[in-house]
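Jotting down what I looked up as I go.

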Number of protein chains: 2
Amino acid sequence: MLDNFFNKLSKGKTLTEAEKAVFGQHVTIKKLRKHQYFLQEGEICKSVAFVNKGMLRCYLVDEKNNERIIQFAPEGWFISDISSFISEDRSNLNIDALEDTELILISKAAHVYLETAVPEFFKFNYTQYRGAYIALQKRLIDMFTLSTEEKYTKLLSIYPDIMQRVPQHMIASYLGLTPETLSRVRKKLSVKKTGA
Amino acid sequence: MLDNFFNKLSKGKTLTEAEKAVFGQHVTIKKLRKHQYFLQEGEICKSVAFVNKGMLRCYLVDEKNNERIIQFAPEGWFISDISSFISEDRSNLNIDALEDTELILISKAAHVYLETAVPEFFKFNYTQYRGAYIALQKRLIDMFTLSTEEKYTKLLSIYPDIMQRVPQHMIASYLGLTPETLSRVRKKLSVKKTGA
DNA sequence: ATCGAAATCAATATAATTTCTTGATCCGCG
DNA sequence: CGCGGATCAAGAAATTATATTGATTTCGAT
């Protein structure tokens, strides 16, 4: 059940059976159907979720009422509104399932406990946040420097798997484009390849 | 905003403006998208919902993993797992939205308060439960005594509106039939009408 | 034991909804 | 001005949900 989770955590090192057991006791499984929310605007985010199966998206709703996608999270990824999780105030993000999904939830208490009880977990989180920070910074820079076309092709090359599973209009939303514009960019690209 | 709600409550009598204001303070609005849960198995039901717009269904999942629909709730109806609401233990029912829906939620504290503060509300609930009890008893009797065909036609005649808005396989589930069987019953009926 | 009502299994048809594309037009900015 | 992209509107294409049908099986009541 928790195998994917353990593999992810112990990348490189291995967890002892005792440590695995500790996780087993502090973690809960939750299944979401497609479209179901993990977190809704206004709620306090009570846990960090490891995606064991399926896929989620994290988005916010802007003034004009369109959904702006911040992040996708397929199997093997963690997702949460860390800000809300840590400071325990109301989230302005929404996180919902793009497919039927299975999550492994780590509550705040569990999180705190596990970080001390399993040093490996602490280190893991450290690496995780640092990595996430770096990735986000890159994304920000790309947003400033790349052309729309480049943003899209780069995205494709980094997450080809995700891009296949997600409807185009969500990719557009992730890139900050309208679906129409993305459709046209794709057409242009395919012409490039096909033609001379 | 709360007009439908007040109309329903004050059927016959009229609420004073003061009373309406009291309601306004103790009640919250919640919007659900199609498919979204109001209550999920395992949770404690924290409020009674008045359906202001849209429609919900209440169902349980049986041993064989099929959904058995207990109740539909279109606009103007109340829905909740009263058992869980009153005794505050985990529900084994699921309630979700069949359409985009707007609910008016009455928390337990609000419910208790309002019943004393607004005698009209107390009486209303009294009538409501009594009526619900009677209706349920009738349904039970019908389940025992009517043929499948009769159950279906009776359902149609009592809730023609609901039957139109709900997919057939859910009606089948409500009647305890497979979708195939219901489809055949309907065919037989239409032949009856059309033919000689 | 057997008849009939309904379940089950499998395939297909139909309908509804989502997703994608395209054209026309407009808008802001360097 | 001219470019990149938004907006609006209409269709097309694809996917998913819903409904029907036939063949076969199960099971309780006669």
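Ground rules. I'm working with a predicted model, where local features need pLDDT of at least 70, side-chain atom pairs count only at pLDDT 80 or more, and totals for chains, interfaces and linings use all residues. Residues are numbered from 1 along each chain as its sequence is written, chains are lettered from A and ligands numbered from 1 in the order in which they are written, and side-chain values use heavy atoms, with hydrogens and water left out.

Whole chain. I found 9 helices and 8 strands in chain A (DSSP runs numbered from the N terminus: helices are H or I, at least four residues, and strands E, at least two). The C-alpha trace of chain A spans about 60 × 35 × 30 Å along its principal axes. Of the 196 residues in chain A, 40% are buried, meaning under 20% relative accessible area with a 1.4 Å probe, protein chains only.

Helix pair. I looked at α6 (residues 148-158) and α8 (residues 168-175) of chain A, whose axes come within 11 Å and cross at roughly 115° (axes are lines fitted to C-alpha atoms over the stretch in contact, with angles from 0 to 180 degrees between N-to-C directions). A:Lys151, A:Tyr152 and A:Leu155 of α6(A) make the contact with A:Ile171, A:Tyr174 and A:Leu175 of α8(A), contact being heavy atoms within 4.5 Å.

One leucine. I checked A:Leu93, in the loop between α3 (82-87) and β7 (94-97) of chain A. Is A:Leu93 buried or exposed? A:Leu93 is buried, at 14% relative accessible area. Beyond four places away in sequence, A:Leu93 touches residues including A:Leu39, A:Cys58, A:Tyr59 and A:Ile70.

Terms used:
Buried means under 20% relative accessible area, exposed over 50%, partly exposed in between (1.4 Å probe, protein chains only).
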